[in-house]
Amino acid sequence: MSTQGPRYTPTEMLAKLVGFDTVSHQSNLALIAFVEDYLAAHGIAATRVPNAQGDKASLYATIGPNVDGGVVLSAHSDVVPTAHQSWSSDPFTLTQRGSRLYGRGSTDMKGFLACALALVPEFAAAGLTRPIHLAISYDEEVGCVGCQDMIKQMADGAIAPPRGVIVGEPTEMQLVIAHKGINGYDTTVTGKEAHSSQTQLGANAIMAAGALIGELQRLADRARETAPADCPFTPPYTSFSVGTIEGGHALNIIPGSCHFAWECRTLPGEDPAQYVQALDRFARETVLPRLQATAPDATIETVPRAGAVALAPETGPNAAADGVPPDRRGAAEALARDLTGSNHTEVVSYATEGGVFQTHGFSTVVMGPGNIREAHQPDEFIEADELERCVRVLRGLIA
Ligand SMILES: [Zn+2]
């Protein structure tokens, strides 16, 4: 296979990638075109999966023969905004100070992508007998949106079934086998305005919202009480939070509408729909009849936001990866153990695209360079030796 294309060290490749301003609301097509050209120069064809507007795309590619038993290296191309953050150097110019490489996305998660791409000439020249697939998404930071169509295509036969997927989110190269799911919702109560002295004429949307939030607290308490005793997460149960609430104009006006945004962070294997259904039932049976006594048109509506599916442990006492075929469960974990020589596994409290891969039947783990502590921060950086460590581990895929 051709190896005449350009070569970059991991740091040089990271500088290239950081140089593309791929904040989630911007197009990522310049980065995607760069990667496409680079892969093409090494004889590797790639497939774009564009969004509906045509201003963003995912990209996947196969290095080596498209046969069973390969590995997918997964990264998102988008980064979080830098506006309202104070940076010591331009966030879109990779800047080395001491052992640290500063730039937006250096840790989350262009660092892993840079390592994978820097190894492409070696992968391409190695005469691989099993493939290495690259999967690059967009809009991860706004709720794992951009990977959906790409992963579906990959699962529907665009690639031969791989042994496993490594999602390169920053874990300092520790093997992460599970995370919670993030499920966000907007609940809107529409009642009826009236003078606050005339409660028989109005329907108080804020008081109705208060009752609904009380129900969420009851659901939270029950989730906490019924969580498995050996639950490895922090906190060790499905948690709930109401993040924003707004409604009303004045003390002497019964508020006609109220909106609140809430989330539950579910344990793997738990269906978040049960909580929306429980809230809906409470709304229908208890809250809405009270509103409709004075306002027949009153409504309570809950709609989901984009979120992230939990990554379930595929083996062990809490195994919950039902979507992965039994003969493939734990395959990604075994692969990562082979690559790192470590038996240590962890769970994390942030979410990744790993749950989406798993939902489509892929054995999946999370492992990448950098510390999540630096992600999304001003002066985000990655230690240069983290990149080196990641390259050493990924180079093991050649063997
Ligand atoms: Zn990330």
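Throughout this tour, a contact means heavy atoms within 4.5 Å. The structure on screen is a predicted model, in which local features need pLDDT of at least 70 and side-chain atom pairs count only at pLDDT 80 or more, while totals for chains, interfaces and linings use all residues. Residues are numbered from 1 along each chain as its sequence is written, and side-chain values use heavy atoms, with hydrogens and water left out.

**Stop 1**

Select Pro 232, in the loop between helix H6 (205–226) and S11; helices (H or I, at least four residues) and strands (E, at least two) are DSSP runs numbered from the N terminus. Leaving aside neighbours within four places in sequence, Pro 232 is in contact with Asn 318 and Val 347.

**Stop 2: the largest pocket**

Next, display the largest pocket, whose volume is about 530 Å³. On a 1 Å grid over the protein atoms alone, a pocket is an open set of points with protein on both sides within 12 Å along at least five of seven lines, a cavity is a set of points where a 1.4 Å probe fits but cannot get out, and lining residues have an atom within 4 Å of a point. Grid points are joined across faces, edges and corners, and a volume is the space filled by probe spheres set on the points. Of the 27 lining residues, select Glu 141, Gly 143, Ile 182, Arg 265 and Ala 351, which are the closest to the centre of the pocket. Strand S9 (181–190), strand S11 (239–247) and strand S13 (257–266) are the elements that give two or more residues to this lining. By class, the lining has 13 nonpolar, seven polar and seven charged residues, where Ala, Val, Leu, Ile, Met, Phe, Trp, Tyr, Cys and Pro count as nonpolar, Asp, Glu, Lys and Arg as charged, and the others, Gly among them, as polar. The pocket lies between domain 1 (10–179 + 310–395) and domain 2 (181–304), because both give residues to its lining; these bounds come from an automatic or database domain assignment.

**Stop 3**

Where does Val 165 sit? Val 165 is found in strand S7 (residues 164–167), and it is buried, with a relative accessible area of 0%. Not counting residues up to four places away in sequence, Val 165 touches Val 72, Ser 74, Ala 332, Phe 357, Phe 362, Ser 363, Thr 364 and Val 365. The C-alpha atoms of Val 165 and Ser 363 are separated by 6.1 Å, with the two residues 198 apart along the chain.

From here, select helix H8 (residues 331–340), whose buried residues are Ala 331, Ala 332, Glu 333, Leu 335, Ala 336 and Leu 339. These buried residues pack against several elements, including strand S3 (71–76), S7 and helix H10 (384–395). Just after H8, Gly 341 takes a positive phi of about 70 degrees.

**Stop 4: the cavity**

The structure holds one cavity of 30 Å³ or more. To find the largest cavity, select its lining: Ile 177, Ala 312, Pro 313, Glu 314, Glu 333, Ser 363, Thr 364 and Val 365. By class, this lining has four nonpolar, two polar and two charged residues.

**Stop 5: Gly 368 and the S16–S17 loop**

Now select Gly 368, in the loop between S16 and strand S17 (381–383). Gly 368 is buried, with a relative accessible area of 0%. Its contacts, not counting residues up to four places away in sequence, are Phe 112, Gly 168, Glu 169, Pro 170, Thr 171, Glu 172 and Met 173. In the loop between S16 and S17 there is also Asp 379, which has a positive phi of about 55 degrees although it is not a glycine.

**Stop 6: two further backbone details**

Finish with Cys 144, in the loop between strand S6 (132–137) and helix H5 (147–158), where phi is near 50 degrees, a positive value in a residue other than glycine. Then select Met 109, in the loop between strand S5 (100–102) and helix H3 (110–118); the peptide bond from Asp 108 to Met 109 is cis, with omega near -15 degrees.

Terms used. Buried < 20%, exposed > 50% of the residue type's maximum accessible area, 1.4 Å probe, protein only.
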